[in-house]
Amino acid sequence: MLEDREVTSPLGSLKSDEFRSGFVSVIGRPNAGKSTLLNHLLGQKVLIMSDKPQTTRNRIQCILTEERGQIVFLDTPGIHKPKHKLGEFMVGAAKESMREVDVILYMVDLSADYGAGEEFIIEMLKQTKTPCVLALNKVDLLSKDQLMHKIQHFSSLADFKAIVPISAKTGENTDELLKVIFDKMPMGPMYYPEDEVTDQPERFIMAELVREKVLQLTRDEVPHSIAVVIEEVEEKKTLVKVRALVVVERDSQKGIIIGAGGKQLKEIGRLARLDIEALLGSKVFLELWVKVKKDWRNRPDSLRNYGYGKEKG
């Protein structure tokens, strides 16, 4: 339960009765720009990004702390029609995040056509009493007339408490979006220390950074068929040694990720190592291995082992 969290004292320079805090579920279709927006608001890279759909798989808490308060954003997988048990887990995580939050932030990609996916989300929103703020993303790609048409269209679909056109990529109007969200937060405590930006452990973020590079450098069905597990982290005097396992479903996918003469895997490792070094603030030796686990996305045991799903208890 969100309300069961331990709390810490607010920033010393602000009176506790002026401090606003709460939880915001960020939902939308795949590729709506949720992770791009949250990385921009946090001022650092916490969430991986890709131009491929369904990049985010888990619900990840991102923590923004300012003088005016603290917002805990729940970044969620893009809502889509699931084709396997992994997809069911992802959509379930998104739906679950809409419960017990103070505000829902619904992001829409203005460059995409309105269709069944958005209609499905609108119907979900109509069934909740939680106030919803609509962020219309990629405003930089539309003319003023096109934007006004989009605003009028969406305002007729649901009872949005505010509609804010933004560009997650450039940061345009994101300050206004943040102001709107803070205004809807209740007075409350600080849930996380002010220097904390995510509830996820470093191992999870490192695995995500490796997966991001696979997403960026591969194509077709390969990106959706991979999982990354950090098997070992060993801190030495001058560097941190990280051993990561990339799991795929077919031998052909393993060959694509490794590449001719291991070239592709080496480039994945090089790019991931740079990001992991930035995360840890230390030199990193990254060792990557690739393993085939057939049909892992439909196997509950594999989903749990790779971090998608709940342990039986």
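Residues are numbered from 1 along each chain as its sequence is written, and side-chain values use heavy atoms, with hydrogens and water left out. The helices (H or I, at least four residues) and strands (E, at least two) that I name are DSSP runs, numbered from the N terminus.

To return to that helix pair, H6 covers residues 202-217 and H8 residues 263-280, and they pack at an angle of about 140° with their axes 9 Å apart; the axes are lines fitted to C-alpha atoms, for helices over the stretch in contact, and the angles run from 0 to 180 degrees between N-to-C directions. The residues that meet include Ile205, Met206 and Leu209 on the H6 side and Ile268, Leu271 and Ala272 on the H8 side, with contact taken as heavy atoms within 4.5 Å. By class, this contact of H6 with H8 has twelve nonpolar, one polar and five charged residues, where Ala, Val, Leu, Ile, Met, Phe, Trp, Tyr, Cys and Pro count as nonpolar, Asp, Glu, Lys and Arg as charged, and the others, Gly among them, as polar.

Three strands form an open sheet in the order E7-E8-E9, with mixed pairing, and its edge strands are E7 (227-235) and E9 (284-292), each of which pairs on one side only. From one strand to the next the twist averages 20°. Strand E8, residues 240-248, runs parallel to E9 and is joined to E9 by nine bridges, two strands being paired if DSSP finds at least two bridges between them; within this pair, Lys241 stands opposite Phe285 in E9. H8 packs on the sheet, where H8 touches E8 and E9 and its direction makes about 135° with that of E9. Helix H7 (residues 251-258) likewise lies across E8 and E9, running at about 155° to E9.

How many of the residues of E3 are buried? Seven of the seven residues of E3 (residues 69-75) are buried, so this strand is largely enclosed by the rest of the structure; buried means under 20% relative accessible area, exposed over 50%, and partly exposed in between, with a 1.4 Å probe and protein chains only. Both faces are covered, with Gly69, Ile71, Phe73 and Asp75 buried on one side and Gln70, Val72 and Leu74 on the other. Strand E1 (residues 20-28) runs parallel to E3, joined by seven bridges, and Ser21 stands opposite Gln70. Strand E2 (residues 60-66) pairs with E3 in the antiparallel sense over seven bridges, Ile60 having Asp75 as its bridge partner, and E2 and E3 form a hairpin with two residues between them.

Helix H1 (residues 34-42) belongs in this picture too: seven of its nine residues are buried, so H1 is largely enclosed by the rest of the structure. The buried residues of H1 pack against E1, E2, E3, strand E4 (103-109) and H5. H1 is followed by Gly43, whose phi is positive, near 80°.

Lys138 is found in the loop between strand E5 (132-137) and helix H4 (144-155), and Asn173 in the loop between E6 and helix H5 (174-183).

Finally, a word on confidence. The mean pLDDT of the protein is 81, and 78% of its residues reach 70 or more, pLDDT being the predictor's confidence in each residue, from 0 to 100. Where pLDDT is low, the predicted coordinates should not be read in detail.
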